[in-house]
Amino acid sequence: MAVKALFFEDVWEATEIPPLVKPITLLQMCMYSAATWNFYKLHWDTNFSRGLGFKDANVHGPLFGAFLAQMLTDWIGPEGTLKRLAYANRGMSFPGDTLTCKGKVTRKYARDGQNLVECEVWVENQSGENLAPGTATVALPSR
Amino acid sequence: MADSLITPEIRAMVGQEAFFPGTEAVEKGVIKRYCVAVGDLNPLYLDEEYARKTRYGGIIAPPTFVFSVNNKVDAPVGEDGRPLGRVKLPPPLNRIARAGNEYEFGKPARPGDVISARRKITSIFEKEGKTGGLVFVEYEITYTNQRQEVLGINRERLVFFK
């Protein structure tokens with residue numbers, strides 16, 4: 001959680017976004033299925049998932065997006081605005097994994113009266129594999 | 001290159017629209033369940049007193065909420081738990097994988113919002129993959145509230161294969 005405001009003047013190309021760590025449990029995956037009212041068995045039913053040839057139940061694709069969004073909103077605080085987030089689900093995650101969201105600023109510019117910051121973001125597992133590469137754009141206030 | 005996997009029936013899907021009218025209004029409890037499930041306890045989404053003092057003037061839903069929470073709780077689902085109304089291609093292209101999302105965030109969703117969604121299939125194309133043909137389907141889902149304000153646009157791509 002950001003405790004101080006982040007201003008456009010505070011970030012530069014290559015500024016790192018504070019990482020966000022998420023331990024993955026089947027229990028939490030079940031909660032996410034319940035909270036989103038999405039009951040695809042691939043995400044909570046271990047027998048079903050193994051029957052399809054997977055090692056275990058899979059973390060939901062959009063949950064990676066939710067984690068990346070949280071990393072960004074924790075960083076920018078309530079005065080910043082998340083404008084855009086793109087990501088690809090390249091790798092699977094399973095109960096017992098520890099995921100870490102990371103990111104860094106790639107560009108900043110002013111346009112249409114907004115101060116925009118573009119970032120490269122991604123989600124790694126405990127083996128350092130990049131499971132979800134992405135990009136994001138945030139708008140920040142100016143001092 | 002092998003015969004195209006894109007049949008006339010599949011080609012005809014481009015431009016197809018589906019409208020999902022809003023059902024029950026967003027409630028603080030639904031927002032809270034999403035936040036606890038994701039593990040994002042930002043007071044902006046949970047604490048009315050805190051949120052009132054910000055530029056939002058009250059609790060809002062997290063940005064990814066509109067794209068992720070299924071409001072149609074009585075939508076028919078198949079044996080595997082997936083909704084029958086999802087985008088799918090006819091056999092033999094039964095296998096599917098997610099191939100990317102782009103979220104464009106609009107106004108934040110708030111308690112009391114009735115969220116409708118309009119889905120439009122924007123593009124279908126194929127590529128040769130390592131083990132066979134791949135058919136990509138791209139669609140755009142636009143989420144609006146009862147005041148016709150855009151809460152978000154999700155551009156999603158799926159890949160279908162045999």
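Analyst: A:Val117 stands opposite A:Val138 in strand E5 (residues 130-139) of chain A. This is a predicted model, in which local features need pLDDT of at least 70, side-chain atom pairs count only at pLDDT 80 or more, and totals for chains, interfaces and linings use all residues. Residues are numbered from 1 along each chain as its sequence is written, and chains are lettered from A and ligands numbered from 1 in the order in which they are written.

Strands here are DSSP runs (E, at least two residues), as helices are (H or I, at least four), numbered from the N terminus; two strands pair if DSSP finds at least two bridges between them. Nine bridges join E5(A) to the antiparallel strand E4 (residues 114-124) of chain A. Five residues lie between the strands of this hairpin, where A:Gly128 has a positive phi near 80°.

E5(A) also runs antiparallel to strand E2 (residues 81-87) of chain A, with six bridges. There A:Arg84 stands opposite A:Thr137.

E2(A) is joined as well to strand E2 (residues 95-105) of chain B, by four bridges and again antiparallel. In that pairing A:Arg84 stands opposite B:Glu104.

The contact between the chains takes 28 residues from chain A and 30 residues from chain B, counting residues whose C-beta atoms, placed from the backbone, lie within 7 Å. On the side of chain A that touches chain B, helix H1 (26-36), helix H3 (61-76) and E2 each supply at least two residues. H3(A) gives the most, with seven residues.

How values were computed. Contact = placed C-beta atoms within 7 Å.
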